[in-house]
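Hello,

Here is the structure I promised to pass on to you. Have a look at it first, and then read on for what I found.

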Amino acid sequence: MLYDLELQSVGKTYPDGTVAVSDFDLKVEKGEFVAFLGPSGCGKSTTLRMIAGFEEITNGEILIMGKNISHTPPERRPTSMIFQNYALFPHMTVRQNIAFGLDVKKMETAEKKRKVDRILDMFDLTEFADRTADRLSGGQRQRIALARGLVVEPEILLLDEPLGALDANLRRIIQNELKLLQRDLGITFVFVTHAQSEALGLSDRVVVMSNGVVEQISAPKELYTRPATPFVAEFIGSNTIIEGKSGKMLDGGLQQIETPYGPMAGVGTAGADMAVIPAESFRIGLRETPGEIALEGTVASKKLVGSIGYIRVKLSDGREIDVETHAGSPEAQSLSAGASVTLGVDPSSVTLIHH
Amino acid sequence: MQVGLLRPALALYAALFLLFLYGPMIVLAILSFQSQGGGPQFPIQEWSVYWYKHLLGLAETSRVSQLPVGDSLIRSLVLAFLTTVVSVTLGTMSAEAFRTRFKGSGPVFYLIILGMMVPGVLVGLGVALLSNFLDIGRAWWSTSFVLHVVYTFPFAFLVMLAIFNRFDRSVEEASLSLGVSPAQTFRRVTFPLIFPGVLSAMLFSFTLSYDEFSRTLFTAGADLTLPLAIYGTFSVEIYPNVFAFGVLTTLFSFTLLVIYGLLMKRFTRNKRFAGQEDA
């Protein structure tokens with residue numbers, strides 16, 4: 001199978017010995033939307049810049065459509081990069097900005113004009129075509145940057161925190177546009193962000209990184225429900241993490257671990273010693289399935305935000321955990337601080353991971 | 001009360017400072033309008049433009065010989081122009097090189113800066129001795145030219161270094177990622193954006209070379225540049241024609257400044273100029 005983009009144990013070590021990225025393996029299919037997610041300094045931008053050719057790689061290979069481009073200069077890679085600060089050419093009009101990448105290609109003037117006109121129209125930029133970009137709003141400038149990057153018909157569009165400089169409202173709008181655009185064009189998008197909601201809302205697959213290492217590569221939903229490492233469990237969503245000792249195997253593909261709160265069952269592999277429980281999978285006051293985990297505690301505080309009720313429960317050992325429930329549910333309505341509660345969790349929504 | 005006094009006091013200080021700065025030039029300008037019979041001092045016997053005519057060879061012959069500036073002026077202008085071209089090209093290129101850290105960049109930096117730090121008399125003398133030793137003739141267009149470049153190159157380099165420091169690299173990367181070659185990227189993106197800096201570097205190099213004295217004194221050989229020629233006339237007797245020339249050459253400098261200002265205005269019209277984007 002020919003992948004659009006393939007990273008084979010790509011790594012980068014700076015001359016002073018600092019490791020920016022190590023052993024990055026990824027296969028991306030044509031038309032896939034992949035997000036690199038992680039805290040700042042985790043190596044996500046560096047990896048993107050290595051794909052673009054702005055950073056040398058010191059280990060591994062990068063392939064685009066099966067062709068090794070590990071050491072090809074950026075201008076000869078079939079990638080186009082979108083920058084957080086737009087990086088528009090301030091001495092050119094909107095039209096000149098967009099036509100810039102086509103100018104250096106051998107192409108008929110009429111053909112060039114047709115392409116530029118079409119993309120101007122597609123991004124609603126026709127009326128600004130002859131203005132310089134500096135008078136336009138952030139959203140318009142980001143559209144110009146996208147149009148400029150897409151008009152050269154790249155194989156892969158690389159986006160480096162493209163929504164970072166926009167306000168929340170505009171971010172949502174452009175986010176929607178991006179998703180539709182990517183679906184319509186069928187171009188592979190690789191998107192770098194530190195915002196969970198962007199990564200989870202936009203992409204087909206998310207690569208979570210920390211300290212230069214890939215923690216997990218999976219679909220957004222799986223990232224939520226089945227975190228693979230303690231880092232992902234901490235970073236994504238709102239999980240309660242309980243450490244324990246590895247225990248025996250149970251029926252139905254479940255595994256058990258021994259915790260200070262008693263044995264807990266969950267989905268995991270042999271030797272797992274940590275339970276990850278999503279905040280929304282706690283059931284207050286219920287304990288249905290045998291073997292279901294039950295935690296006893298008292299309500300420390302309650303907060304209703306929109307349709308979600310956030311309840312903080314203090315366990316017997318003093319630890320406080322977050323529980324999410326529907327704001328309209330009877331428990332969310334009736335519980336008040338100080339009330340005793342039992343928290344039950346279906347083992348199938350518990351993930352057991354390795355320390 | 002104190003604040004009330006401070007402002008006029010500072011204003012007076014500033015006025016005195018400006019007078020001190022421009023006083024000699026004003027005196028010189030006034031004296032240049034002395035009449036034929038008057039000397040290079042006050043009082044003005046009669047206002048006239050005689051010395052300007054004399055300078056341009058339009059006056060009837062007098063006992064004062066014409067100021068020998070014609071050829072030396074051309075030489076100085078050509079020399080300053082060539083120096084500017086070479087220094088600014090070298091300065092831009094080396095500043096570009098310094099954008100990425102390279103091995104030995106520290107020592108190289110100080111070596112470049114040395115060119116403007118070492119006393120002109122010493123390098124001038126040194127080059128004169130060296131050319132004697134190597135049996136190379138000294139001339140304004142060879143030995144002096146080299147020294148002028150060595151002298152002005154660091155200034156151009158520092159100006160360009162400051163410009164590149166504030167330059168947003170991502171516009172260049174955007175260009176590369178669109179498939180535009182590094183050479184084209186420099187020509188069509190980088191250069192237009194750093195052009196105001198290049199203009200400043202050119203102005204520096206030109207003016208420094210145009211009135212360079214000590215280095216040229218030892219290395220120019222027989223054909224003199226303008227500062228040398230003017231200095232030469234002092235050793236005889238001073239007439240107001242030197243002042244008239246001073247006024248004209250100052251006007252020339254002002255013209256350069258005005259052109260510089262206009263060009264700067266034209267090229268930094270876009271307020272949000274990528275080179276200075278505060279991203």
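Strand β7(A) pairs with strand β8 (residues 188-193) of chain A in the parallel sense, over five bridges; strands count as paired if DSSP finds at least two bridges between them. Helices (H or I, at least four residues) and strands (E, at least two) are DSSP runs, numbered from the N terminus. In this pairing, A:L158 stands opposite A:V190 in β8(A).

Before I go on, a word on the model and its numbering. This is a predicted model, in which local features need pLDDT of at least 70 and side-chain atom pairs count only at pLDDT 80 or more, while totals for chains, interfaces and linings use all residues. Residues are numbered from 1 along each chain as its sequence is written, and chains are lettered from A and ligands numbered from 1 in the order in which they are written.

Back to β7(A). With β6(A) it also pairs in the parallel sense, over four bridges, and there A:S80 stands opposite A:L157. Together with helix α5 (residues 168-185) of chain A, β7(A) and β8(A) make a right-handed β-α-β unit (with the strands pointing away from the viewer, the path from the first strand over the helix to the second runs clockwise).

How many of the residues of β7(A) are buried? Five of the five (residues 156-160) are, so the strand is largely enclosed by the rest of the structure. Buried means that 20 or more other C-beta atoms, placed from the backbone, lie within 10 Å of the residue's own; exposed means 12 or fewer, and partly exposed is in between. On one side of β7(A) the buried residues are A:I156, A:L158 and A:D160, and on the other A:L157 and A:L159. In a regular strand the side chains alternate between the two faces of the sheet.

A:L158 turns up again in the largest nonpolar core, where it is among the residues with the most contacts, along with A:I98, A:A147 and A:V207. That core has 138 residues; a core is a set of buried Ala, Val, Leu, Ile, Met, Phe, Trp, Tyr and Cys residues joined through C-beta atoms within 7 Å. Its largest share, ten residues, comes from helix α6 (residues 143-165) of chain B.

A:A147 is in contact with A:I98, A:I119, A:L120, A:F123 and A:L125, leaving aside its neighbours within four places in sequence (contact means C-beta atoms, placed from the backbone, within 7 Å).

The contact between the chains takes 20 residues from chain A and 21 residues from chain B. On the side of chain A, β6 (79-82) and α2 (94-103) are the elements that give two or more residues, and β6(A) gives the most, with three.

Chain A also has an open antiparallel sheet of four strands, in the order β2-β1-β4-β5. β2 (19-28) and β5 (67-68) stand at its edges with a single partner strand each, so one side of each is left without a neighbour in the sheet. Two bridges join β4 (residues 59-64) to β5(A), and A:L63 has A:N68 as its bridge partner.

Over in chain B, residues 73-95 are 100% helix, with end C-alpha atoms 32 Å apart. Residues 107-133 are 93% helix, and there the end C-alpha atoms are 29 Å apart.

Best wishes

Notes: Contact = placed C-beta atoms within 7 Å.
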